[in-house]
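Hi,

Here is the structure I promised to pass on.

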2 protein chains.
Amino acid sequence: MNGADGPFLAELGEWELIRRLSAYAPAGQFEDDAALLDGIATLVVNTDVLVENVHFSDATTSPFQVGWRAAAANLSDLAAMGCTAGRGLTVGLVAPGHTSWNWVEAMYAGLKACLNAYDGGELLGGDCSTGTQRLVSITALGSLDRTVHGHTTAIRRSVGQPGDHLVCTGHHGLSRLGLALLLNQRPKHELGQLPAQLRNAALRAHQEPRPRFDAVMALRQSRPPGISWRVAGTDTSDGLAAAATAIARASRCRALLDRSCLPIPPGMERMDCAETWCLAGGEDFELLLALDSAWADALMQQLPGCHLVGRLVAADGNEDSTGWLNSPEQFPMNVVGYSHFC
Amino acid sequence: MNGADGPFLAELGEWELIRRLSAYAPAGQFEDDAALLDGIATLVVNTDVLVENVHFSDATTSPFQVGWRAAAANLSDLAAMGCTAGRGLTVGLVAPGHTSWNWVEAMYAGLKACLNAYDGGELLGGDCSTGTQRLVSITALGSLDRTVHGHTTAIRRSVGQPGDHLVCTGHHGLSRLGLALLLNQRPKHELGQLPAQLRNAALRAHQEPRPRFDAVMALRQSRPPGISWRVAGTDTSDGLAAAATAIARASRCRALLDRSCLPIPPGMERMDCAETWCLAGGEDFELLLALDSAWADALMQQLPGCHLVGRLVAADGNEDSTGWLNSPEQFPMNVVGYSHFC
């Protein structure tokens, strides 16, 4: 019962489990009914659920990576709101009684490692329960303390305007390629021909993604004089096309994506699926931002690895969009992003 | 496929599900990657997970009541920290694709009804995913804005002192009795002899518990002049004995509970299990507070239905505790509270 995987949760019981988990939080953090956080001007709160065999599996993700991904996915949402760091997170852990403590320990170690690596804050508390399936439900908290002319520097999906340039951070499709490598979802010779550097980057993108707080910092630093704070954006966790659609819909615009300069990772262009995975692979946890063209240029100067991928146009306009992907109508149906339950 | 229970989640898909759920939140609340909350001096955050067949089941709880209980359990933790209202909550919903929309709709209606009934704030956002088992993971947010001499009016488990009186709100064991009534867990003649008023109160305590924000309000109003803010406390969701033990441990004291005046609901005394259910039935969502004796008296004057149930004593003292329950050593092993995974 107490072998290589350590004791089972059924042996530990809830109290001992919580005692062990408190090692990942500041001293005394788990002592009360809830956690306290001081001095928050504007609070940003986000909840993301990761379910076994839906969002992760033993075949593709170690327990350390489950924790890392869970933290990164939530911190990515904070970045997408304009935060440059997290204040911490709570974890709802559900697992069957036969789950080993070692699995839980490695998962929390991954979670904590991601928090530490990206200034994500502390483990603030949480709850745990038995259940038929392993899952983590994470609520991440961030704050927007700095103000520009009395306004918070929030990024909202709805504030895009026709003429805004669409800039994304990083390449897209990497995480999807990583999943394919882990599951051998493409012909062996095709995957084998890919450069080693690309394969490694793809695995890392899938297993240990990074929240782009650095991009929000660069966004703040690159704002040209005289341009007021107005940035529409979202993260690309559901795919680049879904992100463009979300911004366009919330801002009552259309998004045009330039098919000739999609941010496909170098070395992946030759794959048939490159465009689809770039647009709809999902889980890249990069940011897509719609902003004034001068600011977009300055941002791309400031932050290497950004890509100008398109622009917002008026919903009722007659723009010539030859060679462009017109959101949402002209995105192929299979690239509008991942939907659960279907 | 679209019968009396409404469409299944697999038919709706994630986006349509989220669109429908946004009706329970303020307009535009679900539009961004995360939610924003303005002007919080001290944030209180709590996460609670409710899992089907662990915390609720179709046999005992309607979907409306699942939502109500989930909200109430979380708001109760905010009350236990000293909040008099909630700022809102996020919901992580996991459910199999064959779950009907009507179940989800009724669950959110219950959640919203509880938020409205007890000034719990708004539905702020969340996430949903398919999974093998229905569950809700809720994170509730509250704030402590008012300060007394520059300090927040937080209730912390660790600030109890020897000599403090232990006061609980309400009767205990009611929720456990409600569960027994729903599952016919006791002999029919015994349950049948219980007064109708008690049976109704027990069902209500189990199915639609109330967070005790009113008790925190009374606590604030009853503080005698010259007594500074220092209140140890917790809610009794894990049982009265577990609550006393939690305060005693965190405050490095012992808790003595007076066996002769346990807060057993009137009419339940004749049941063999009355004392055990009162001490360890759990899920009563009342508050247990340790505070200065003068303040305890004033609180009981201010708030009818409070009970003086014991006191804190020095951990190494030689108090005569004849006739008292001495925490934790002298609590019967089966009354120290509910533990998952075992």
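Let me start with the strands of chain A: strand S9 (residues 253-258) pairs with strand S11 (residues 306-314) in the antiparallel sense, over five bridges. One pair to click on is Arg254(A), whose bridge partner in S11(A) is Val313(A). Before you go further, keep in mind that this is a predicted model.

S11(A) also pairs with strand S7 (residues 165-169) of chain A; those two run antiparallel and are joined by five bridges. There, Thr169(A) has Cys306(A) as its bridge partner in S11(A).

For context on chain A as a whole, it has ten helices and twelve strands. The chain has 342 residues, and 58% of them count as buried. If you take the contacts in chain A between residues at least 6 apart in sequence, 86% join residues at least 24 apart.

Ser175(A) sits in helix H4 (residues 174-183). Is Ser175(A) buried or exposed? With a relative accessible area of 1%, against a cut-off of under 20% for buried, Ser175(A) is buried. Setting aside residues up to four places away in sequence, Ser175(A) touches Ala202(A), Ala205(A) and His206(A), and also Gly282(A), Glu283(A) and Asp284(A).

Glu208(A) is in a loop, the one between helix H6 (196-207) and helix H7 (213-222) of chain A. Which residues does Glu208(A) contact, leaving aside neighbours within four places in sequence? They are Phe64(A), Gln65(A), Trp68(A) and Leu203(A). Another pair to look at is Glu208(A) and Ala73(A): they are 135 residues apart along the chain, and their C-alpha atoms are separated by 10.0 Å.

On to the helix that follows that loop. H7(A) packs with helix H10 (residues 293-302) of chain A at an angle of about 125°, and the axes are 9 Å apart. That angle makes H7(A) oblique to H10(A), and the crossing is right-handed. From H7(A), the residues involved are Ala215(A), Ala218(A), Leu219(A), Gln221(A) and Ser222(A), and they meet Trp295(A), Ala298(A), Leu299(A) and Gln302(A) of H10(A). Sorted by class, this contact has six nonpolar residues, three polar ones and no charged ones.

Chain B has its own H7 and H10 to look at. The axes of helix H7 (residues 213-221) and helix H10 (residues 293-302) of chain B come within 9 Å and cross at roughly 125°, so H7(B) and H10(B) are oblique to each other. Their crossing is right-handed. Ala215(B), Ala218(B), Leu219(B) and Gln221(B) make the contact from the H7(B) side, with Trp295(B), Leu299(B) and Gln302(B) on the H10(B) side. Five of the residues in this contact are nonpolar and two are polar, with no charged ones.

Staying in chain B, helix H4 (residues 174-183) is worth a look too. Its buried residues are Leu174(B), Ser175(B), Leu177(B), Gly178(B), Ala180(B) and Leu181(B). What covers the buried residues of H4(B)? The cover includes helix H5 (188-192), helix H6 (196-207) and helix H9 (274-280) of chain B.

As for H4(B) and H6(B), their axes come within 7 Å and cross at roughly 100°. That makes H4(B) roughly perpendicular to H6(B). The H4(B) residues in this contact are Leu174(B), Ser175(B), Leu177(B), Gly178(B), Leu179(B), Leu181(B) and Leu182(B), which meet Leu198(B), Arg199(B), Ala201(B), Ala202(B), Leu203(B), Ala205(B), His206(B) and Gln207(B) of H6(B). In terms of class, the contact of H4(B) with H6(B) divides into ten nonpolar residues, four polar and one charged. If you check backbone angles, stop at Asn184(B), which follows H4(B): its phi is positive, near 50°.

Ala250(B) counts as buried because its relative accessibility is 17%, and the cut-off is under 20%. From Ala250(B) to Trp101(B) it is 149 residues in sequence and 44 Å in space, C-alpha to C-alpha.

Cheers

Conventions: Residues numbered from 1 in each chain as written. Chains lettered and ligands numbered in written order. Predicted model: local features only at pLDDT ≥ 70, side-chain atom pairs only at ≥ 80, totals over all residues. Heavy atoms only, no water. Buried < 20%, exposed > 50% of the residue type's maximum accessible area, 1.4 Å probe, protein only. Helix = DSSP H or I, 4+ residues; strand = E, 2+ residues; numbered from the N terminus. Contact = heavy atoms within 4.5 Å. Axes fitted to C-alpha atoms, helices over the stretch in contact; angles between N-to-C directions. Parallel < 35°, antiparallel > 145°, perpendicular 65-115°, else oblique. Left-handed = near helix turned anticlockwise from the far one by under 90°. Nonpolar A, V, L, I, M, F, W, Y, C, P; charged D, E, K, R; others polar. Pairing = 2+ DSSP bridges.
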